Amino acid sequence: MCKNIDVSGTVVDAGANVGFFTLYAKYYGAKRIYSIDPDPLPFFYLEKNFGQDANITLLNKGMNVSDDGMDINLSLGASVGTSEFLVTENSMKMHIPTISINSILKIEDNINLLKLDIEGTEFKVIENLNENHFNKIHQFFIEF
C-alpha cells in the first residue's frame, strides 16, 4: 500500500499509535517526522520506540483545526480514540491538547507527506485546508 509514497522530506504522522508508519517513514529516508497521538498508552510506546531520535518530534496531542484542544471519547482497553463518532460503555470522554497543520507549517516550510488516521477528525481537518496549505503539502495518506 505504501509502495509509491515519497517520504523523503518532512512527514507528519497524525494518529501515529505506536509508530508503525513513523518507522516506515524513518526507514525510507524521512528527514523530519512529527509523530502525533493523543492516547497515553500508545504514546508511551512511541516514546520507547523513538524518544532518542532527534529527527522525530513526538507530540502527545490530537490533530485538529486549531491548537485549542478538543474533547474525544477514549476507548478503554483499546488503542483507539474518536472525536465524535464512537461512544461505548468502555469509553471515557476527555479533553486533549491539539496541534494544527498551521502550527506545523510555522516550523516547516512544507510537508512532504501528511498521514491522517485521526478517528473521524480527518474530514474536519481537510475541510479547513486552504490553497496555501495545498501548495505546502505535497502528498496525503488518509484513513477514513
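## A histidine in a helix

In which helix does His-133 lie? In this predicted model, His-133 belongs to helix α5, which covers residues 131-136. With a relative accessibility of 5%, His-133 counts as buried, and, leaving aside residues up to four places away in sequence, His-133 touches Ile-101, Asn-102, Leu-105 and Asn-128.

## Salt bridges

The count of salt bridges comes to three. One of them joins Lys-115 and Asp-13, whose closest N and O atoms are 2.6 Å apart; because Lys-115 lies in strand β9 (residues 113-116) and Asp-13 in strand β1 (residues 10-14), this pair ties together parts that are 102 residues apart in sequence. Lys-115 is buried at 8% relative accessible area, and Asp-13 is buried at 0%.

Lys-26 and Asp-53 also meet in a salt bridge, at 2.4 Å from N to O. Lys-26 lies in helix α1 (residues 20-27) and Asp-53 in the loop between α2 and β3, so the pair ties together parts that are 27 residues apart in sequence. Lys-26 counts as partly exposed at 41% relative accessibility, whereas Asp-53, at 17%, counts as buried.

## Arg-32 and its partners

Arg-32 forms a salt bridge with Glu-108, the closest N and O atoms being 3.9 Å apart, and this pair links strand β2 with the loop between α3 and β9, 76 residues apart. Arg-32 also lies over the face of Tyr-34, at 5.3 Å from the ring centre.

## Aromatic pairs

Six aromatic pairs are found in the whole structure. The rings of Tyr-27 and Tyr-28 have centres 4.8 Å apart and planes at 80°, so this pair is edge-to-face. Tyr-27 is exposed, with a relative accessible area of 65%, and ring pairs link Phe-21, Tyr-24, Tyr-27, Tyr-28 and Phe-141 into a cluster.

Methods:
Residues are numbered from 1 along each chain as its sequence is written. This is a predicted model: local features need pLDDT of at least 70, side-chain atom pairs count only at pLDDT 80 or more; totals for chains, interfaces and linings use all residues. Side-chain values use heavy atoms; hydrogens and water are left out. Rings of Phe, Tyr and Trp (its six-membered ring) pair if their centres lie within 6.5 Å; planes under 30 degrees apart count as stacked, over 60 as edge-to-face and the rest as tilted. Buried means under 20% relative accessible area, exposed over 50%, partly exposed in between (1.4 Å probe, protein chains only). A charge sits over a ring if NZ of Lys or CZ of Arg is within 6 Å of the ring centre and within 35 degrees of the ring normal. Helices (H or I, at least four residues) and strands (E, at least two) are DSSP runs, numbered from the N terminus. Contact means heavy atoms within 4.5 Å. A salt bridge is a side-chain nitrogen of Lys or Arg within 4 Å of a carboxyl oxygen of Asp or Glu.
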